Amino acid sequence: MLTSVSASVSDPVFDLHSGGKLSVQSTVPLSTREDLSLAYTPGVARVCEAIAADESLVHRLTWVGKAVAVVTDGSAVLGLGNIGPRAAMPVMEGKAVLFKQFGGVDAVPICLDTQDPDEIVRIVTALAPSFGGINLEDISAPRCFDIERRLEESLPIPVFHDDQHGTAIVVLAALRNAVKVLGRGIGDLRIVVSGAGAAGVAVTRMLISGGADAGEIVVLDSRGCLHTGRTDLNPAKAALAAETNAGGVTGDIASALRGADVLIGVSGGTIGEAALAGMAPDGAIFALANPTPEVHPEIAARYASVVATGRSDFPNQINNVLAFPGIFRGALEAGATRISDGMKVAAAAAIAGVLGDGEIAADSIVPSPLDPRVAPAVAAAVAEAARRDGVIR
């Protein structure tokens with residue numbers, strides 16, 4: 001807490017956050033009376049009249065065409081849990097900085113003092129005319145599924161829950177390159193997804209869209225494997241159970257991992273070595289809980305040929321910043337009305353494709369978040385996919 005930081009000792013984290021991480025900067029000069037007359041009254045009235053006559057002009061004649069709202073209710077912030085909208089603001093500011101730095105996209109953090117799905121949908125819908133896209137962030141499952149679906153259905157602009165789809169896109173990108181190291185195809189893998197929250201559901205669906213065999217995927221929640229015999233599943237989990245786990249595997253993580261080629265952890269907690277020992281040889285472990293992975297990388301390396309985490313201090317960081325800046329940049333540039341499954345798969349392929357064959361190795365299956373090639377490649381692929389899928393204005 002801030003109160004624990006000594007006033008006499010400089011703390012670089014708090015020093016950096018002092019005063020916030022964002023500001024508003026004008027893109028036009030305001031040095032003369034003529035400047036004022038063009039940027040504001042009377043000139044601005046002509047622009048208002050043009051937009052009133054043709055509302056689509058707002059995307060070209062204002063910042064709406066390059067602006068995204070980063071919206072949270074503070075219910076699932078990082079690994080900190082339900083800490084509320086005010087404590088979530090530093091993360092939302094940071095997200096906005098990443099949008100600008102890596103994608104050239106202006107983003108505004110909006111932290112809502114409500115966790116009621118109906119109210120969130122109402123507020124975001126009312127705010128939507130000010131933005132070209134909505135990035136939902138750190139909203140707990142399963143409410144996030146309903147909120148995203150309702151906003152997608154009602155708004156004519158892209159809506160993207162990054163905790164779901166950003167993670168899923170980067171996981172698919174990493175797996176596309178991992179199989180090159182392993183000498184296999186995605187469709188040949190037995191995959192275990194530990195976690196059936198927002199990220200787990202989205203990762204599973206993205207893997208299926210990317211070529212994985214749905215029947216060979218087993219998803220687990222805190223009570224064990226999802227299967228059609230369970231009667232305690234919410235609608236999102238029940239839909240996954242009906243689509244995956246064709247073999248009807250039941251029980252805990254050890255049961256799921258017997259003979260599995262890939263483990264993807266998006267649940268937190270710890271997965272023991274006894275369970276890992278049941279995996280097939282020469283597989284992959286993506287332990288993505290942050291800051292403490294489900295399996296420490298040194299332990300994971302004993303049981304898998306390719307290891308990835310969500311941390312920046314180990315190789316193969318599965319970082320959402322590889323995805324969302326380029327996705328929104330491409331969607332905004334194309335005038336997309338939503339983010340289609342085809343756009344997500346295209347983003348994953350673009351991230352994976354940044355690395356040439358000579359750059360791909362067991363400890364290098366995704367590019368660095370700081371690689372300047374990533375966002376332009378993702379933006380171009382997403383824009384092309386939006387046009388191909390017919391989801392543009």
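This is a predicted model: local features need pLDDT of at least 70, side-chain atom pairs count only at pLDDT 80 or more; totals for chains, interfaces and linings use all residues.
**Ground rules.** I number residues from 1 along each chain as its sequence is written, and side-chain values use heavy atoms, without hydrogens or water.

**Cysteines.** I looked for disulfides (a pair of cysteine sulfur atoms within 2.5 Å) and the count came to zero. For C144 the closest cysteine sulfur is in C111, 17 Å away, which is too far for a bond. I also checked burial (buried under 20% relative accessible area, exposed over 50%, partly exposed in between; 1.4 Å probe, protein chains only). C144 is buried at 2%, and C225 is buried, with 2% relative accessibility.

**Helices α5 and α14.** I took helices as DSSP runs of H or I, at least four residues, numbered from the N terminus. The axes of α5 (residues 85–103) and α14 (residues 324–334) come within 8 Å and cross at roughly 65°; axes are lines fitted to C-alpha atoms over the stretch in contact, with angles from 0 to 180 degrees between N-to-C directions. Contact (heavy atoms within 4.5 Å) is made by K95, L98, F99, F102 and G103 of α5 with F324, P325, F328 and R329 of α14.

**D163.** I found D163 in helix α8 (residues 162–182). Beyond its neighbours within four places in sequence, D163 touches E137, D138, I139, A199 and N320. From D163 to L263 I noted 100 residues in sequence and 19 Å in space, C-alpha to C-alpha.

Key
Helices (H or I, at least four residues) and strands (E, at least two) are DSSP runs, numbered from the N terminus.
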